[in-house]
Amino acid sequence: MYVDKKTQFTIPFGPDSHPWISQIPDLAYGQFGELLITPPSADPAKVYEAHNTYFIAQQQHINEKDLQLPAAGQQQKQAENQEKLHHYLLQQKEHFLGYQVVVNTDYSELFSAMNTMINNLGDPFTNGFCTVNSKPAERAVLDFYASVWRANWPAQRTGNPDSYWGYVLSMGSTEGNMYAMLSARDYLSGHRLVVDQNDHHLVKPKRRNSNPNYYKPIAFFSEDTHYSISKAIHAMGIPSFYDIGSEFYPNECPLGGDWPRQVPSEQASKEELYAGKLGSGCIDIGKLQLLVEFFAKKGHPILIILNYGTTFKGAYDDIPEVYKALKDIFIQYGLVNREVCFGDKDTDVDIRQGYWIHVDGALGASFMPFINMAMKTGKLNADNFFEHDLAFPEFDFSLPYIHSIVTSGHKFLGAPTPCGIYMSKQKYLATMNNPQYVGAPDSTLAGSRNGLVALTLWSMLGKTGYAELQARAIHSLTMTQTLYQRFSALAKMIKQRDGIDIWLHRSAFSLCILFRRTNPAITFKYSLCEAQEAVSIDGVKYNRHYVHLYCMWDRKQTTLDSLMIDLAQPGAFDKTAEIILSNSALG
């Protein structure tokens with residue numbers, strides 16, 4: 001593209017808002033005057049502001065142009081604008097309540113490490129040639145959680161296929177969910193696994209099953225499951241029961257009517273709905289059982305994704321009850337100890353399960369083990385914990401039917417950047433690459449991985465230990481219960497004064513409290529998270545807009561007090577947050 005250097009594009013750009021073209025140095029022009037870079041086709045600041053009209057409050061606090069990067073950089077404006085962004089983050093951190101993350105952290109002891117590229121390249125259990133890694137710290141973190149999750153540890157590549165395998169994720173639990181789907185796909189579809197090659201288990205010869213569905217797994221997950229699961233099964237080419245059911249069995253849904261896109265969650269009773277409550281957020285085990293049986297009968301392997309702390313309600317699926325409901329189905333339709341054949345030889349056969357159960361414990365799997373310890377040792381009891389009589393929701397590798405677990409490091413643990421932990425067993429590990437120049441097998445999804453996050457998790461666990469983590473877990477849970485009681489009193493006051501039901505809801509053991517959508521100023525001030533729920537009362541169907549907050553251990557009492565004061569003011573809650581839907585609209 002030829003551009004006359006004297007041309008003055010009128011689009012302002014950068015902190016000083018000079019025309020974009022006037023800031024381009026000679027080095028960006030070719031020898032014939034052609035521009036070697038592309039100019040903006042529109043004013044970026046206006047475009048991005050238009051994208052964020054619903055979130056205009058943030059746009060008003062941070063000027064897009066102050067952060068734009070001209071060709072010469074920000075130069076003397078850099079420090080000033082960095083301070084503006086820092087001030088904004090500090091302001092929002094002061095009142096942050098809406099998401100299940102810890103925002104008040106201190107990793108200043110690791111600042112010097114920021115000046116080193118730390119790459120945990122490849123498998124965490126082999127150091128490799130890339131020596132600027134933190135793999136010893138990563139292995140320590142994994143062993144810590146292998147013990148807490150009651151897995152067989154340490155991780156042993158050979159001789160102990162039941163020992164754990166895992167790695168610290170460079171992304172949040174989404175990466176772990178994606179890796180779980182990859183592993184489940186390969187395991188259920190009959191691919192060779194590492195254990196097949198290193199310690200092949202021979203069984204009594206039997207010919208391969210002729211059912212065309214024998215190596216075609218189908219995924220099942222509830223409507224309260226995190227959206228990353230849909231993304232993960234799509235990326236890994238695993239169909240959901242909805243995909244197969246709606247295409248091949250359109251009028252045969254065992255639940256009646258059309259196939260649901262996800263397994264329904266538990267519904268609230270009529271009395272609960274009248275009280276403004278929702279369903280628990282747990283998967284409906286009876287409906288899951290019917291759906292699984294339909295496809296197990298047709299010979300499909302079964303992939304179950306369960307939640308241990310759902311994103312919006314913080315609910316825990318009853319994992320032992322799920323397995324209890326499905327066990328006989330697995331047995332009846334040959335999904336227990338089924339043969340996987342690798343070739344024509346009768347001896348080239350392996351024995352595997354025809355199901356995979358993955359636990360997405362992005363929040364709960366990090367802190368609930370310490371609640372379990374507190375309940376079973378009596379530290380949490382009838383005198384200090386009103387949920388003491390509820391059964392602890394079991395989830396870990398002490399349950400032999402669990403294949404994989406994932407948790408996030410930036411939620412309860414408080415890492416300063418998104419990260420997480422994925423864990424499974426050696427015998428489920430998919431075939432790995434062995435690039436010679438790395439020196440370590442590459443069994444992870446990312447290849448190059450963020451060694452700094454492993455170091456931050458190691459630092460945090462080293463500064464805390466069981467006692468402090470348990471104290472933080474108990475504080476988070478009791479803080480939630482106390483705040484919920486304050487909300488209950490507030491709800492009564494708002495109902496009497498304004499005639500508004502704030503739809504207060506909390507699921508058992510959850511750190512999350514849901515309520516009616518607030519006005520935009522409150523939503524922004526406390527970074528509240530918004531979502532919609534469809535409910536039906538006496539045949540009338542409504543769409544409700546909720547917000548929620550999380551009581552993580554770093555939340556300040558002054559912030560919670562400020563929130564309750566703001567919510568008690570007239571106009572705090574959105575009167576338009578509920579819309580009546582027609583039956584056809586809901587369907």
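Guide: A nonpolar core is a set of buried Ala, Val, Leu, Ile, Met, Phe, Trp, Tyr and Cys residues joined through side-chain atoms within 4.5 Å; buried means under 20% relative accessible area, with a 1.4 Å probe and protein chains only. In the largest such core, of 99 residues, Tyr 145, Trp 149, Phe 220, Phe 295, Ile 302, Ile 371 and Met 423 touch the most other members. Helix α14 (residues 451-498) gives the largest share of this core, ten residues.
The model is predicted: local features need pLDDT of at least 70, side-chain atom pairs count only at pLDDT 80 or more, and totals for chains, interfaces and linings use all residues. Residues are numbered from 1 along each chain as its sequence is written, and side-chain values use heavy atoms, without hydrogens and water.

Visitor: What makes the crossing of α5 and α14 left-handed?

Guide: A crossing is left-handed if the near helix is turned anticlockwise from the far one by less than a right angle. Helix α5 (residues 135-148) packs against α14 at an angle of about 35 degrees, with the axes 8 Å apart. α5 passes α14 in that left-handed sense, so the name follows from the definition.

Visitor: Why are 13 residues of this contact called nonpolar?

Guide: Ala, Val, Leu, Ile, Met, Phe, Trp, Tyr, Cys and Pro count as nonpolar, Asp, Glu, Lys and Arg as charged, and the others, Gly among them, as polar. The contact of α5 with α14 therefore divides into 13 nonpolar, one polar and one charged residue.

Visitor: How do you know that β8 and β9 pair?

Guide: Two strands pair if DSSP finds at least two bridges between them. β8 (residues 355-360) and β9 (residues 404-408) have three bridges, in the parallel sense, and therefore count as paired.

Notes:
Buried < 20%, exposed > 50% of the residue type's maximum accessible area, 1.4 Å probe, protein only. Helix = DSSP H or I, 4+ residues; strand = E, 2+ residues; numbered from the N terminus. Axes fitted to C-alpha atoms, helices over the stretch in contact; angles between N-to-C directions.
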